Each structure stands twice: as structure tokens, then as C-alpha cells.
Amino acid sequence: MNVKTRDAGLVQDAGSREKKLSQGIKNINWTGIAFVAPSVIVVVALLFYPLGSSVHYSMTNKNLIKAHYELVWLDNFTQLLTDPTFWQAFVTSIKWTALSIVGQLALGFILAMALNRIRRFSALFRTLLIIPWAFPAVIIGFGWKWILNDVYGVVPNALADMGLTDGLVALLADPKAAFWMVLYINVWFGTPLFMVNILSALKTVPGDQIEAATVDGASAWKRFYYITLPHIRAVIGLLVVLRTIWVFNNFDLLFLITGGGPGDATTTLPIFAYRTGWGLKQLGMASAVTILLLVFLILVASILFRFITRWEKETS
């Protein structure tokens with residue numbers, strides 16, 4: 001009798017599970033899935049296929065002018081990590097990214113604080129200051145290359161006319177000056193993004209807290225450090241993360257203005273990967289460069305996100 005009861009219970013449980021499964025299938029919004037599926041497929045194809053192919057080719061000796069290739073496993077990474085040219089490009093990328101972010105953040109913060117205090121013509125000033133960010137990188141690159149040209153460029157001719165230089169100087173052909181010129185251009189180009197977002201964050205700072213602190217006799221520095229900064233530092237942190245990824249991966253602006261030269265003065269990892277892949281036709285080695293770049297940026301982003309998470313917890 002107990003065996004029959006147990007068997008009957010098992011049959012009943014199996015039937016209830018099948019009924020719940022069939023009800024769950026019926027409750028699925030197949031129409032919504034049909035609309036979303038194409039986008040998901042496109043995103044997966046655009047994200048995972050390039051990533052997977054890069055990982056695959058990074059472990060091969062793939063060459064663009066050869067039909068066949070073989071697996072070399074980690075030989076490409078070993079060769080890169082012992083290549084002085086790779087490390088020079090890596091150091092240049094870090095310097096380029098760090099100085100660009102510091103410059104853009106400092107100028108963007110100063111401009112945002114100034115615009116936050118301006119009452120008249122603030123919309124006009126915001127429009128004028130955001131102009132650099134409105135232009136595509138191609139226009140920025142060719143425009144500045146024309147401005148700095150050592151024959152007909154505005155800047156070299158102006159410096160010569162004012163007697164600051166002995167004739168026309170080739171700023172983009174000087175290994176010492178070229179890096180600082182493109183750095184200035186990148187700071188000028190990226191500052192409006194920081195300015196607009198920090199200004200938006202400043203608008204969310206509670207005015208009653210500022211007024212209460214002022215009445216209590218708190219100085220401007222204390223009001224900024226204890227009230228304003230905690231409200232905007234999460235936004236600043238996210239901007240730093242995004243701009244770090246974008247600037248470290250920046251290729252078009254540097255390539256259009258200097259091509260990575262003169263010599264290797266402005267050769268960053270993206271330009272190094274381009275020269276390796278399309279110049280030397282070593283696609284496997286170039287893929288290994290991109291994988292190392294990806295790993296480095298993931299580590300940097302994870303560290304920065306830890307700080308942002310801690311700031312959000314402190315603010316909440």
C-alpha cells in the first residue's frame with residue numbers, strides 16, 4: 001500500500017511539473033522576444049565574434065599575405081612582452097592617457113564651476129565652449145594639421161612674426177614638441193565633455209545645504225569639500241573611466257595629425273597594433289596587442305569602479 005501511494009504521489013508530482021512547464025511556456029511573451037531577438041543577435045555578432053576571432057588569431061602566426069597559418073599558442077605574447085618597442089608604445093599610451101585625462105578634468109571642472117556661477121549669457125557660453133566636441137575627429141585632425149603646418153600654418157607664422165622663434169618651426173616634426181602639441185589638441189577636444197557633465201552634476205547639489213553651511217560660517221573650501229564634492233564625485237569617476245577607455249584606445253586623432261611620428265614619439269598601442277597588422281601584415285601579432293590592451297583596460301576599469309562604488313555607498 002505504501003508503495004502504491006508513493007508511486008501515485010510521484011505521478012501526481014510529475015503531472016504538476018508538466019502543467020507548470022506548459023503554463024510557463026504559454027506565459028512567455030513570444031512577440032516581445034521576436035522584436036528583441038534581432039537586436040540581440042546583432043549585438044552578440046558585433047561583440048563576441050570580433051573578440052573571439054581576436055583571441056583565436058592572437059595564438060596563431062596569421063599573416064595577411066599568406067593563406068595558411070598555424071597555432072603558436074602564447075609565442076606572440078612572449079615576443080611582445082620582450083619587445084622594447086611594445087613597451088615604449090605602452091608607456092607612451094599611459095602618458096598620453098593620464099595627461100589627457102588630468103588636463104580635460106581640470107579644465108572641464110574649472111569651466112563647469114565658472115558656468116555654474118554665471119547667470120547672464122550662460123547658454124551662449126555653454127554653446128561656444130562645447131564647439132570642439134561638436135566636430136568629428138577627422139575635421140579636428142586635418143584642421144589642426146593645417147594650423148600647425150610649418151609653411152603656411154597660422155601658429156608657426158604667428159610665432160615667427162612675434163619674434164618668438166627663428167623662422168618657421170615644424171612643431172609636428174620635432175620629436176620633443178609633437179607629443180605636447182597633440183596632447184594639447186586632445187585636451188582642447190575632450191574638455192567640453194567633462195564640462196557639460198560636471199555642470200549637470202553641479203545643478204543637482206542641494207542649495208539648502210549650501211545655504212545652511214554658509215549661515216553656519218563654513219568657508220567656501222569647506223562647502224565645496226563636504227557638500228559639493230560628495231554629490232559630483234561619482235559623476236566625475238564615471239567620466240574618468242569612460243574617457244580613460246576612449247583616450248587609451250584613441251587612434252584617429254593621433255594618426256591623422258602625426259601618424260605616430262616623428263619616429264615613435266607619438267606611437268601609442270593602437271597605432272603600434274595598426275603598424276604591426278597592416279604595415280607588417282602580422283595579424284596574429286596585432287591581435288595579441290589588442291588582447292593585452294583589453295586586459296589592461298579591464299584591470300584599470302575594475303579598480304576605478306571600486307572607488308566609484310565606495311563613493312556611492314558613502315553618499316547614500
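Helices here are DSSP runs of H or I of at least four residues, strands are E runs of at least two, and both are numbered from the N terminus. Before going on, bear in mind that this is a predicted model, where local features need pLDDT of at least 70 and side-chain atom pairs count only at pLDDT 80 or more, while totals for chains, interfaces and linings use all residues. Residues are numbered from 1 along each chain as its sequence is written, and side-chain values use heavy atoms, leaving out hydrogens and water.

Next, pick residues 223–246, where the chain is 100% helix and 0% strand and the end C-alpha atoms lie 33 Å apart. UniProt positions follow the numbering used here, feature names are shortened, and annotations may be inferred rather than shown by experiment.

**Stop two: the annotated domain**

Now widen the selection to 90–304, which the unreviewed UniProt entry labels "domain: ABC transmembrane type-1". That stretch is 76% helix and 0% strand, and its end C-alpha atoms are 20 Å apart.

The contact (heavy atoms within 4.5 Å) involves 6 residues of domain 1 and 8 residues of domain 2.

Together the two domains bury about 460 Å², 75% of it on carbon and sulfur atoms; buried area is the accessible area (1.4 Å probe) lost when two parts are put together, summed over both. Which residues of domain 1 lose the most area to domain 2? Show S54, Y57 and S58, which together make up 76% of what that side buries. Look for salt bridges across this interface and you get 0; the rule is a side-chain nitrogen of Lys or Arg within 4 Å of a carboxyl oxygen of Asp or Glu.

**Last stop: a salt bridge**

The structure does hold 1 salt bridge. Zoom in on R275 and D264, whose closest N and O atoms are 3.0 Å apart. R275 sits in helix α13 (269–279) and D264 in the loop between α12 (252–257) and α13, so the pair ties together parts 11 residues apart in sequence.
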